[in-house]
Amino acid sequence: MSAAAASANFQQNADTTVPLLEQFALDDYQPEEVKLEVALQLAPLDLRSDTLLQLMALAVHLMEDDEEKVVEAAQAAILAIAPLLDSGRIQDCLLICLDKLTNCTEHEVRSAVTQLYAQLGPALKNCEGCENLLEDLLLPKLLESAEDMDFQVRREMVLGLHTVGPALTSQVQRDGLLGAYLNMCEDKVWVVRKACADVLPAMAQLAPADMRTTQLLPAFDKLCNDVSHWVQNAALQQLGTFISTLALPIPESLLRRVTDIPDKEVTGDEAAHLRMATAFTFPAILASAGREQWPLLQPAHQALLQAADPAVRKTLACSLHEIVRLLGPEQALQDLGSTIQDLCQDNQADVQEGFVHFFPALLQHLPHTARASFFQTLTQSLSLKSATWRCRIGLADQLDSLSALEGLQPDILSVAMMLCQDDTAAVRSAVARQMGHVVCNLWSYHLTRQGTITPEKQVNQTKGNVNQLAEDLSSMSMTEGADNPMQQIVHAVQSLAAQDAFQLRQQYVKTLLQLAHDKVANVRLGVSQALSKLTELAQLPEVIGVTDMLERDSDLDVAGSMAARTANSVQSP
């Protein structure tokens with residue numbers, strides 16, 4: 001069936017295929033798998049309008065199925081078919097069929113129709129002739145579900161409000177939507193009130209600034225004090241997101257709720273979800289409240305960092321650079337210096353892995369004089385045998401960004417050397433990929449240092465810096481256990497081609513030329529292939545000499561590779 005639906009001849013075979021789909025869809029004795037497959041094939045490719053109506057009718061029929069997966073597939077089919085219909089057929093056929101389902105005795109069917117009303121509005125908003133369909137028909141039908149006798153239908157109506165809301169262009173219509181929402185916050189069933197708590201930040205985005213403070217804030221406070229702890233926890237999980245929608249000044253009562261969360265008496269998954277939501281939104285809370293509220297919020301931040309759940313600590317570790325940026329370098333160092341040191345040595349691999357990923361961004365917002373201390377603590381922690389290789393890969397991937405930060409350049413090479421000797425090949429490969437960028441950044445660092453010395457010493461200092469940098473980098477590439485030293489050399493020299501660093505490239509390529517005398521033919525073959533990528537150094541006397549030697553190599557593959565490289569360079573303009 002799926003092959004037939006995807007066939008280019010489906011249009012011509014529709015008279016046969018569609019009746020077959022109807023037979024399967026209308027047969028109540030068909031197993032779930034068959035009906036599900038039918039529902040999945042109803043989304044059309046390029047069919048006649050009358051065929052579209054037949055398929056839509058089948059999808060509406062499958063909305064009454066007992067299996068949730070079949071209903072979801074039928075909803076998706078209707079959402080795919082509806083934009084292909086003109087407004088007249090949507091109103092006279094689709095909406096009439098759906099209206100009949102709203103009178104169904106089964107609340108599952110009415111809930112599915114309510115979901116569909118909410119989803120159809122945005123889906124049809126830009127269709128020709130359907131511009132006013134949402135405001136005139138679909139929104140009123142959705143709001144009628146607020147009076148349904150079953151709480152699950154009312155719950156779906158609440159969840160549908162934040163789907164429909166952004167598609168409304170008139171603030172008057174949005175105000176009506178918000179009024180309906182505030183009424184549902186008073187529903188007698190806690191499941192409906194919990195749904196109101198879940199969508200409150202989305203509804204706040206639709207409301208004018210004054211309405212957020214005068215009407216939504218009291219509603220939020222009431223949900224936080226609800227008799228149902230499920231409603232309370234749902235509201236508190238949205239606390240940070242809701243705060244981010246408010247204008248300054250943020251009420252202190254809301255900030256006090258943030259500070260109370262780490263000590264709130266909840267257990268199990270509820271506690272984990274609540275603390276995770278607070279940790280995730282903490283930067284947004286501080287950004288909305290302003291750095292002057294940091295003394296009030298800091299105890300909660302510190303308490304969450306000491307949570308037993310590693311997922312909470314990882315979330316905070318991944319966003320710590322945002323907190324540092326908001327506080328400023330000096331205050332961040334004063335208030336969070338010990339916290340950063342602790343995260344550098346966290347014994348949970350997931351926490352440290354997340355911390356390493358954002359480590360350059362964190363150091364960037366700290367005073368440059370303090371960066372080296374944190375960098376050394378982290379690298380010492382990762383050098384321990386207990387450290388996971390994923391963290392070391394993360395550090396290797398950050399060498400480019402780290403080597404560009406003032407204050408870290410003196411330590412970068414030693415750390416790269418350590419990672420080049422790592423037992424895990426993936427770590428060594430990650431270092432190789434970063435070597436070119438590291439070389440460029442270190443070269444820029446050396447040029448900057450040269451600008452700080454007297455003219456009389458500059459010539460000797462420049463030569464010394466170049467030789468020392470080339471020697472250190474070459475030594476690292478040749479370290480025993482380093483992964484593909486030629487790859488590291490090629491990355492480095494190619495990156496330096498865009499720099500005013502010909503002298504450094506010349507020094508650095510000597511390491512590559514030493515390998516041309518290796519007794520293993522595959523090594524010499526690698527040198528030949530590497531030289532073909534370094535065309536800007538082809539005219540150096542030592543490179544010409546090695547090229548001639550490799551062209552006469554006893555190994556046919558080496559000689560052939562070098563000869564091909566020479567021929568290509570001659571043909572190039």
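**Group meeting: a helical chain, region by region**

Let me start with α22. Its buried residues are Ala370, Arg371, Ala372, Phe374, Phe375, Thr377, Leu378, Thr379, Ser381 and Leu382. Buried here means under 20% relative accessible area, exposed means over 50%, and partly exposed is in between, with a 1.4 Å probe and protein chains only. Helices are DSSP runs of H or I with at least four residues, strands are runs of E with at least two, and both are numbered from the N terminus.

A word on the source. This is a predicted model, where local features need pLDDT of at least 70 and side-chain atom pairs count only at pLDDT 80 or more, while totals for chains, interfaces and linings use all residues. Residues are numbered from 1 along each chain as its sequence is written, and side-chain values use heavy atoms, with hydrogens and water left out.

The overall picture next. The chain has 32 helices and zero strands. Of its 573 residues, 50% are buried. Take the contacts, meaning heavy atoms within 4.5 Å. Among those between residues at least 6 apart in sequence, 67% join residues at least 24 apart.

Back to α22. This helix has 15 residues. From first C-alpha to last it reaches 22 Å, close to the 21 Å expected at 1.5 Å a residue. The expected span is 1.5 Å times one less than the number of residues. What covers its buried residues? The cover includes α19, α20, α21, α23, α24 (399–403) and α25.

Look at Phe375, in α22. Phe375 is buried, at 0% relative accessible area. Leave aside neighbours within four places in sequence. Phe375 then contacts Phe359, Leu395, Leu402, Leu408, Asp411, Ile412 and Val415. Gly407 is 32 residues from Phe375 in sequence, and the two are 9.8 Å apart, C-alpha to C-alpha.

On to α20, residues 349–357. Val351, Gln352, Gly354, Phe355 and Val356 are buried there. These buried residues pack against α18 (310–327), α19 (329–344), α21 (359–364), α22 (368–382) and α23 (389–397).

Where does α18 bend? At Ser319, by about 50°. The bend at a residue is the angle between axes fitted to the seven residues ending there and the seven starting there. α18 has 18 residues and reaches 25 Å from first C-alpha to last, close to the expected 26 Å. Ser319 is also among the buried residues of α18, as are Arg313, Cys318 and His321.

Now a helix pair. Two packed helices are described by the angle between their axes and the distance between the axes. Here the pair is α6 (residues 87–101) and α7 (residues 107–124). Their packing angle is about 155°, and their axes are 9 Å apart. That makes α6 roughly antiparallel to α7. Axes are lines fitted to C-alpha atoms, for helices over the stretch in contact, and angles run from 0 to 180 degrees between N-to-C directions. Under 35 degrees counts as roughly parallel, over 145 as roughly antiparallel, 65 to 115 as roughly perpendicular, and the rest as oblique.

Which residues meet? From α6: Ile90, Leu94, Leu95, Leu98, Asp99 and Leu101. From α7: Val109, Arg110, Val113, Leu116, Tyr117, Leu120 and Leu124. By class, the contact of α6 with α7 has eleven nonpolar, no polar and two charged residues. Nonpolar covers Ala, Val, Leu, Ile, Met, Phe, Trp, Tyr, Cys and Pro; charged covers Asp, Glu, Lys and Arg; the others, Gly among them, are polar.

Leu133 ties in here. It lies in α8 (residues 133–144). Leu133 is buried, at 5% relative accessible area. Beyond neighbours within four places, Leu133 contacts Ile90, Gln91, Leu95, Leu124 and Leu138. Leu133 and Ser87 are 46 residues apart in sequence, yet 8.1 Å apart C-alpha to C-alpha.

Leu248 and Pro249 are joined by a cis peptide bond, with omega about -5°. Pro249 sits in the loop between α14 (239–243) and α15 (252–260).

Thr281 is in α16 (residues 268–289). Is Thr281 buried or exposed? Buried, at 9% relative accessible area. Outside four places in sequence, Thr281 contacts Gly240 and Thr241.

Cys420 is in α25 (residues 409–420). Cys420 is buried, at 0%. Its C-alpha is 9.1 Å from that of Ala430, ten residues along the chain.

Last, Val520, in the loop between α29 (502–514) and α30 (521–531). Val520 is partly exposed, at 41% relative accessible area.
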